[in-house]
Amino acid sequence: MKILEQCGVDHIYGVPGDAINPLVEAMREQDAIRFIHVTHEEAGALAASAEAKLTGNLAVCAGTVGPGAIHLLNGLYDAHKDYAPVLAITGQIPSSEIGSSYHQEVDLHNLFHDVALYSTTVSNPEQMPRVALEACNTSLSQHGVSVLHIPHDIGSKKVPEVRSFSVDSSPRSRILPEEGRINEAIRQIEDAENVAILAGNGCRNARDELMQLADHLKSPIIYSLKAKDIVPHDSPYCAGGLGLLGARGGVEAVKECDLLVAAGTDFPYREWYPEEAPVIRINIKGAAVGRRTPGDYGLIGDCKSVFSELLDRLKERTDTSYLKKVQKARDRWQEGLNYTSDISRDSEVIHPQAAARAISELADDDAVFSCDTGEVTVWAARHLRPTGNQRMIFSFNLASMAFAMPGAIGSQLAFPDRQIISLSGDGGFNMLMGDFLTAVKYNLPIKVFIFNNRKLGLIKMEQEVEGYPESETDLLNPDYELLAQSFGAEGASVKDPAELKQSIREALEHDGPYLLDIHINSDELTIPPKIKLEQAWGFGLSKIKEMLSSGANPET
Ligand SMILES: Cc1ncc(C[n+]2csc(CCOP(=O)(O)OP(=O)(O)O)c2C)c(N)n1
Ligand SMILES: [Mg+2]
């Protein structure tokens with residue numbers, strides 16, 4: 001406990017039980033660390049992951065023997081894939097029984113092998129301070145998951161006193177590539193005509209330098225979704241995102257560049273990178289160099305240090321013709337977004353684009369948006385316009401459903417004074433809805449907006465693009481307003497576009513947890529910024545099959 005305290009931990013998410021009862025008891029006897037009793041361990045692990053993603057600090061979750069530990073797994077993968085420092089404490093059967101196929105025995109090392117940077121069973125109380133410290137330091141310094149398994153008999157023993165210490169949890173170290181590598185990168189940038197910058201989450205602590213570099217080179221900045229809240233939406237250099245969730249400005253910047261500087265990003269989709277133009281990749285992780293675009297010129301370093309070097313040495317540019325071309329594509333795309341998200345466009349139904357934009361416009365300046373996976377990701381990625389202090393988190397690299405609401409719980413515990421907003425899919429919310437009780441129990445004033453399309457919308461779209469008729473995507477949803485009330489929270493429902501803004505305002509102004517069920521149009525198209533012929537063909541084929549199976553005549 002002392003170690004966790006000194007690592008800055010002030011709460012642990014979990015479900016108590018057998019082998020972790022001694023932990024819960026130890027926590028009852030002190031005030032520094034609170035036990036947050038969640039409904040489902042997965043929600044606890046997702047909340048811890050969200051918190052660690054937002055703050056870079058260690059977050060902790062716990063699950064007991066067997067099934068309790070297994071339930072943590074998805075949330076831990078979310079942390080692992082987004083480089084979030086999370087420690088999981090799991091119970092284990094009595095140490096004398098390990099290996100005997102005992103009741104609830106699970107081979108925890110094998111179970112967590114792929115997800116954890118560090119995983120060990122504490123077999124002796126003397127070991128506890130050392131392994132606990134190693135687990136915390138591993139997570140913090142290598143940005144990932146550590147797991148400590150504590151057998152029931154060991155957890156209840158007294159452990160040796162721990163001397164006070166301090167951990168270095170600074171999120172990024174200062175690393176610079178060799179002089180010769182920087183010189184060569186400078187030569188390549190000076191020789192290129194149209195230089196684009198692709199910014200990722202590694203630019204988070206280098207925002208000023210990033211914007212200065214764009215200004216210096218008159219370069220458009222394309223961002224990965226993780227970095228959308230880093231690049232100010234209204235900057236003349238902001239081109240937009242890339243990939244299926246991206247924008248035309250981003251696509252245009254990539255298409256027209258003759259050099260791409262990919263900084264602090266491991267953006268995985270090869271087909272969205274330039275076809276010909278070379279890539280300079282700045283990353284603290286050497287493994288990221290060359291795995292997406294094989295010809296990368298790698299600069300192993302942190303973005304802040306490398307940008308500063310580049311700024312000192314590169315000649316400033318004045319030619320803005322490339323930037324202007326990208327801005328034109330960006331502005332045209334934005335006009336389209338403004339149209340689809342205009343509340344007054346349709347008086348019959350609420351379009352999800354309009355809901356996302358209204359939430360964005362009404363949110364506090366430093367709000368945190370925690371977003372689900374599904375079509376709702378597209379609405380959030382396109383229509384939230386984060387201001388300088390707002391944050392957006394998703395299950396970025398795992399893309400798990402049900403992240404948003406537990407993520408909001410973790411965000412609220414990390415930032416008790418900020419407005420925390422969950423943009424939930426109905427399918428995603430349904431998966432872990434029991435944990436809305438956690439928000440009520442601890443009076444965490446999260447605002448949950450359910451994008452209720454009565455469907456697994458993204459899957460419907462996938463089926464259609466693949467040429468299948470829609471199948472098994474309908475959802476049977478509860479009455480969310482009544483559900484919220486039965487949980488002891490406030491809830492409301494909105495169907496009329498004319499009432500949308502006021503409903504969102506009321507939700508945001510409420511001082512406790514709140515659930516707003518937004519009935520959105522269930523038949524929206526999510527158009528990517530670049531469409532392949534097979535996708536359009538598949539969509540047409542699917543529509544024909546749907547009509548045939550419903551007996552309708554495609555000719556009419
Ligand atoms: C845990 C998990 N199960 C399944 C999937 C596959 N999947 C991705 S999006 C999605 C549908 C999401 O539906 P909903 O939450 O209603 O959001 P919508 O697409 O309707 O906006 C599914 C099943 C996943 N990503 N994660
Ligand atoms: Mg849905």
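Lying across here comes down to contact, meaning heavy atoms within 4.5 Å. Angles run from 0 to 180 degrees between N-to-C directions, with axes as lines fitted to C-alpha atoms, for helices over the stretch in contact. The element names follow DSSP runs numbered from the N terminus, with helices being H or I of at least four residues and strands E of at least two. The model is a predicted one, so to speak of its ground rules: local features need pLDDT of at least 70, side-chain atom pairs count only at pLDDT 80 or more, and totals for chains, interfaces and linings use all residues. Pairing of two strands requires at least two bridges between them as found by DSSP. Strand β4 (residues 86–92) and strand β6 (residues 145–151) run parallel and are joined by seven bridges; V86 has V145 in β6 as its bridge partner.

A further open sheet is formed by six strands in the order β9-β8-β7-β10-β11-β12, and here the pairing is parallel. The edge positions go to β9 (238–241) and β12, each of which has a single partner strand, so one side of each is left without a neighbour in the sheet. On average, neighbouring strands of this sheet are turned by 20 degrees against each other, direction ignored. Strand β7 (residues 195–199) runs parallel to β10, with five bridges between them, and A196 sits opposite L260 in β10.

Strand β10 (residues 259–263) also runs parallel to β11, through four bridges, and A262 finds its bridge partner in R281 of β11. On to strand β12 (residues 297–300): four bridges join β11 to this strand, again in parallel, and N283 stands opposite I300. Strand β11 (residues 279–283) is mostly covered, with five of its five residues buried, that is, under 20% relative accessible area with a 1.4 Å probe and protein chains only. The cover extends to both faces: V279, R281 and N283 are buried on one side, and I280 and I282 on the other. Helix α11 (residues 303–313) lies across β10, β11 and β12 and runs at about 130 degrees to β11.

Finally, a helix pair. Helix α13 (residues 352–362) packs against helix α20 (residues 497–509) at an angle of about 45 degrees, their axes 10 Å apart. The two are therefore oblique to each other, the class left over once angles under 35 degrees are taken as roughly parallel, over 145 as roughly antiparallel and 65 to 115 as roughly perpendicular. In α13, the residues A354, A355, A358, I359, E361 and L362 meet L500, K501, I504, R505 and L508 of α20. Sorted by class, this contact of α13 with α20 has eight nonpolar, no polar and three charged residues.

Technical notes
Residues are numbered from 1 along each chain as its sequence is written. Chains are lettered from A and ligands numbered from 1 in the order in which they are written. Side-chain values use heavy atoms; hydrogens and water are left out. Ala, Val, Leu, Ile, Met, Phe, Trp, Tyr, Cys and Pro count as nonpolar, Asp, Glu, Lys and Arg as charged, and the others, Gly among them, as polar. Buried means under 20% relative accessible area, exposed over 50%, partly exposed in between (1.4 Å probe, protein chains only).
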